[in-house]
Amino acid sequence: MTETSAAPAPVRTRPSLRERIAAAWDSDIAYSFRHSPVTIVAAVIVLLLLFGAIFGPWIAPQNPFDPGSLNLMEGKTAPLTPNMFTGKTFLLGTDDQGRDVFSTILYGSRVSLFVGFAAVAFSMVLGVTLGLIAGYRGGWLDSVIMRTADIQLTFESLLVALMIFGFTRTLIPPGSQNELAVPVLILAIGLAEWPQYARTVRGVTMVERNKEYVQAARVIGLHPAIIMMRHVLPNVLGPVLVIATLGLALAIIAEATLSFLGVGVPPTQPSLGTLIRVGQEYIVSGEWWILLFPAVTLLALALAVNLLGDWLRDVLNPKLR
Amino acid sequence: MIAFLIRRIAQAVLVMLVVGFVAFSMFRFVGDPVSIMVGQEATAADRAAMAERLGIDRPFPVQFARFVGNALNGDFGISYRVGRPVMDLIQERLPATLELALCAAMFALVFGIGAGVYTALHRDGALSHAAMTLSLIGVSLPTFLIGIGLIFLFSVELNWLPSFGRGQVVDVGGWKSGFLTQSGLRSLVLPTITLGLFQMTLIMRLVRSEMLEVLRTDYIKFARARGLHDRAIHYGHALKNTLIPVITLMGIRLGSLVAFAIITETVFQWPGVGFLFVASVQAVDVPMMASYLVLVAAFFVVVNLVVDLAYYRVDPRLRTDHATARS
Amino acid sequence: MRKIAPLAGATALAICFAVSAQAETFRWARGQDATTLDPHAQNSGQNFGVLHQIYEPLVHRDQESKIVPALATSWSITSDKNVWEFKLRPNVKFHNGNAFTADDVIFSINRAKGETSDLRGLLTSVVNVTKVDDLTVRMTTEGPNPLLVNNLTNLFMMDKEWAEANNVVKAQDFKNKEENFAVRNTNGTGPYALVTREADVRTVMRANPNYWGKGQFPLKVTEIVYTPITAAGTRIAALLSGELDFVQDMPVQDITRVSQTSGLRVNLGLENRSIFLGLNAGDADIKWDDVQGKNPLGDKRVRKAMEMAINREAIKTVVMAGQSIPSGTLVPPTVHGYTKDLDAIPTWDINAAKALMTQAGYPNGFGITLHCPNNRYVNDEKICQAVVGFLGQIGVKVNLAARPMAQHSPEIQKDEVDFWLLGWGVPTYDAEYVLSFLYHSREGSRGGWNATRVKNKDMDDKIKSLTAEVDFKKRDATIAEVLKWAKDEALYIPLHNQTLAWGMKNRFNVRVQDENQLFVKYIN
């Protein structure tokens, strides 16, 4: 969403940026990382959650997405307490459908992270490409792209995502809505975020385009696409990385929010947001684990990714420190 | 000034036309409006009559012109979900959202600027560190979790504040206000915090970093050298310069307040347009979605315009260099 | 005969007095709002909940579910067995000051019998209504109908003059999303008059100062604030924090917490309502499955297998927290025509179910969409989710589509679903009501909620014969015969009868009524 634009757009058009990034990249990053315990903890959390999400199907005691494998009688079992009927014990308890909460969190963060990464990748590719084209070509193409970005930036991206979601839903036959929920989410969140990248990349590209080495490359007849890939792109990687990291946290939260609003993934294939929506019903009844564990996981994930993003921004842009 | 104004207004109109076009295409091409409006059992004559009423038999540009004309008159059609004019529904719900957004904006501004100034001036204080850490958590916490947490703590466990709705509202010339009753004000507290917290942390972080930057600049150093009081420097010079980006941010964020009100309203059953919108998305109520889009766009565009003008007034440099005006 | 009083000023003044006398507000929450206030637009207990405070039928069932006089003071079958005579209550005024007379009764019954009315299924046997004098009407039925009165308990009386003046002579066509004046405006004879109506937000009603029942009923509550709160957690949080006096749709998981809170109590009672799954067994091919060219639900073995795969006890224990009674028929035990044998719960047997699926030619199952409401019945969406799990065990891959009742119900009425969850209450306390709405094929005013697409001429005739059968023995035998066929065909899969939990302040200790209806006028 637009949080990154809200920060005093760090890296747009300053000429000395490239040198700074290069210098920081070589030496400072590793040093800074070693000396920032918070960042280390954040990185460890992200890695753990990533690991859990990727290897979830092998770690999880149960596959919560296969409704046929569940035993309803095991529902609402408290953490580490044997179930009344089957005597089975669950590390983090079970929810109201007899799903092991630990397993649902692993599978749920898998959905959340997948949607997050895919949405970021989608908006990054789209935004960087359009930004490069706009910055390099200039002229009317630049105007069209950037005005579109401007218009879209005036809207909160959650709203754009909701709109795109609602819009797409009307085009999909109702029978396949559940299956297509994840791609639609990715599309909605991804499309909502591209202007961030486009703006940044365009700024850097416009600066680079007029530098002598790019001029030289143009003179010897290199294809613009190659010039952009080889010479311009590396210069924008730093800022793009920062936007992408912060964007990941935002995408994860956006997915959770949409699912919480009941327009995301279906309850039979829950993401962290869906789990929280379900758990909310037990807010007063005493089955605290159904809400608490997914909520803590989501918070830890978003916080850790944000911390990494913040750190990255500071490292790549020492002026802000 | 006038040239600048005209350019901005022209741009705003263009944006509205584009958004209107998107909304119109949505209405026109998503689903079959005729069969949605007349129902399955309608006869061919019914369908033709409805097609004529909707103007779908006309050429496309004529249809669009008609849509714009109707929209300008406040006619956005009938909601598929409840079968009432969309505009009536929105009008009923708008005061609730606007009052909530206003409170949240005030909350965010007051506490955000206060905390930002404090943390900038006392960079290494324990309180500043705590505030900075909390602000990061605030940014990472999804709005709906904050809402759920507040309900649990203040409504269920402590029984201090209401957990849903607007309480008693008073009708002031058609505007239903929650500001005038005790229960209305009490009902505002939790949703305001939920909605404003995220913006508050952003403002606080922005004010802090801007303050730090400004305090490092030469003119502040000169001011110090001239022997001005810290107080005068901090609030007279530094803070004033910090406020420009805060205004911009607040302008952009006002829009997002409306967007995030959707979540807050859902959590607190707040009877505003956001709550209405979520129900419409779930029910694929196209006219409702389309008109919400147009209205929110109008709101955003107006806010942006105002921000630009305010910006223009606050920052003297802009008056000579139009080109750098934020677009 | 009819005077239009200068009502606005008078009512307002009277309301002011009523409030100043001794105001007591009753803050009442449910999970979902009434979808319309047009009294004849939808046959829905949810809507009747609000309507019973504002409008009145000729007779109604009180808080103990006994039939008591409302706008009729007495009724009897005349010497002609096909004709009922109703004596109307004198000196009753509508909220707008108009007098209530026989003309209004005739108008209202005809309105409820109209094409667009959802209540016409209750009046299938009524041929015509005639006026004897201003306070006497006669209803002629098609053959003798000794149970007619049972069908009138939710048939609200409207003011003919008001309806004509406001162009609402026909009931709102709800399934086709029509809107009329009566949807948001009311003019009843009931103990409470509508003050404000904000759909989905709140509905405020205030004591009717001219109510005929003054002195007969407690009428302690002077103002009702009715609020739909969709999120179950929020609803209970509001009750716990004292913002509400009464929560009608208590989430079962919160019963313990609420009843342990001082000042609050939970009353439980079995609702006269069956929760079940419906199957499109009649169509040759269906829309919502992944089998091409045929309809798996058309095979009785498949339906039986699905019925067997569901563990009703587990749903009761876990999903319903004990608050349900598993059932084997759509007729609840409180209803005439219920028999224990027919209620035998299908045995839960996964292996047998799988064997049946194999026999039917679906050893690997098939895919199908289950349409489910998510705000109407106790834990409706969770029940559906559990069903998805059970059916998954026999290879039926169910895609769950849960949505609000307001979208769900019209699609059942319009035959747009193939596999759905529904609940059916029986306000007449007679099995004929169930058979006529859910088993009789769609025909005129019958079969309005039957989306099974099955037409069985023989059974249809038997169901029709029930309204005019005076020999109760024979009638019971016919009911049993049809129910036996229904059970055997498994057109519906009965799940359970739900228990109701009403959460309230101790001060308002109201007994749970079998129809899940609350009559605020009885609260003392």
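Student: Where is the place of Gln269(B)?
Tutor: Gln269(B) is in the loop between α10 (230-268) and α11 (273-282) of chain B. Helices here are DSSP runs of H or I with at least four residues, strands are runs of E with at least two, and both are numbered from the N terminus. This is a predicted model, in which local features need pLDDT of at least 70, side-chain atom pairs count only at pLDDT 80 or more, and totals for chains, interfaces and linings use all residues. Residues are numbered from 1 along each chain as its sequence is written, while chains are lettered from A and ligands numbered from 1 in the order in which they are written.

Student: What is the phi of Gln269(B) about?
Tutor: Its phi is positive, about 50°, although Gln269(B) is not a glycine. Most residues other than glycine have a negative phi.

Student: Is Gln269(B) buried or exposed?
Tutor: Gln269(B) is buried, because 23 other C-beta atoms lie within 10 Å. A residue is buried with 20 or more other C-beta atoms within 10 Å of its own, exposed with 12 or fewer, and partly exposed in between; C-beta atoms are placed from the backbone.

Student: And Leu80(A), what is its phi near?
Tutor: Phi of Leu80(A) is near 55°, also a positive value in a residue other than glycine. Leu80(A) lies in the loop between α4 (56-59) and α5 (101-137) of chain A. Leu80(A) counts as exposed because it has 11 C-beta neighbours inside 10 Å.

Student: New topic: how many residues has the largest nonpolar core?
Tutor: It has 332 residues, and Leu370(C) and Val387(C) have the most contacts inside it. Such a core is a set of buried Ala, Val, Leu, Ile, Met, Phe, Trp, Tyr and Cys residues joined through C-beta atoms within 7 Å. Helix α10 (residues 224-260) of chain A gives the most to this core, with 19 residues.

Student: Which residues is Leu370(C) in contact with?
Tutor: Leaving aside neighbours within four places in sequence, its contacts include Val387(C), Phe419(C) and Trp420(C). Contact means that the C-beta atoms, placed from the backbone, lie within 7 Å.

Student: How many residues of chain C are in contact with chain A?
Tutor: 28 residues of chain C are in contact with 25 residues of chain A. On the side of chain C that touches chain A, α10(C) gives the most, with six residues.

Student: Finally, how many helices and strands are there in chain B?
Tutor: Chain B has 13 helices and two strands. Of its 327 residues, 42% count as buried.

How values were computed:
Contact = placed C-beta atoms within 7 Å.
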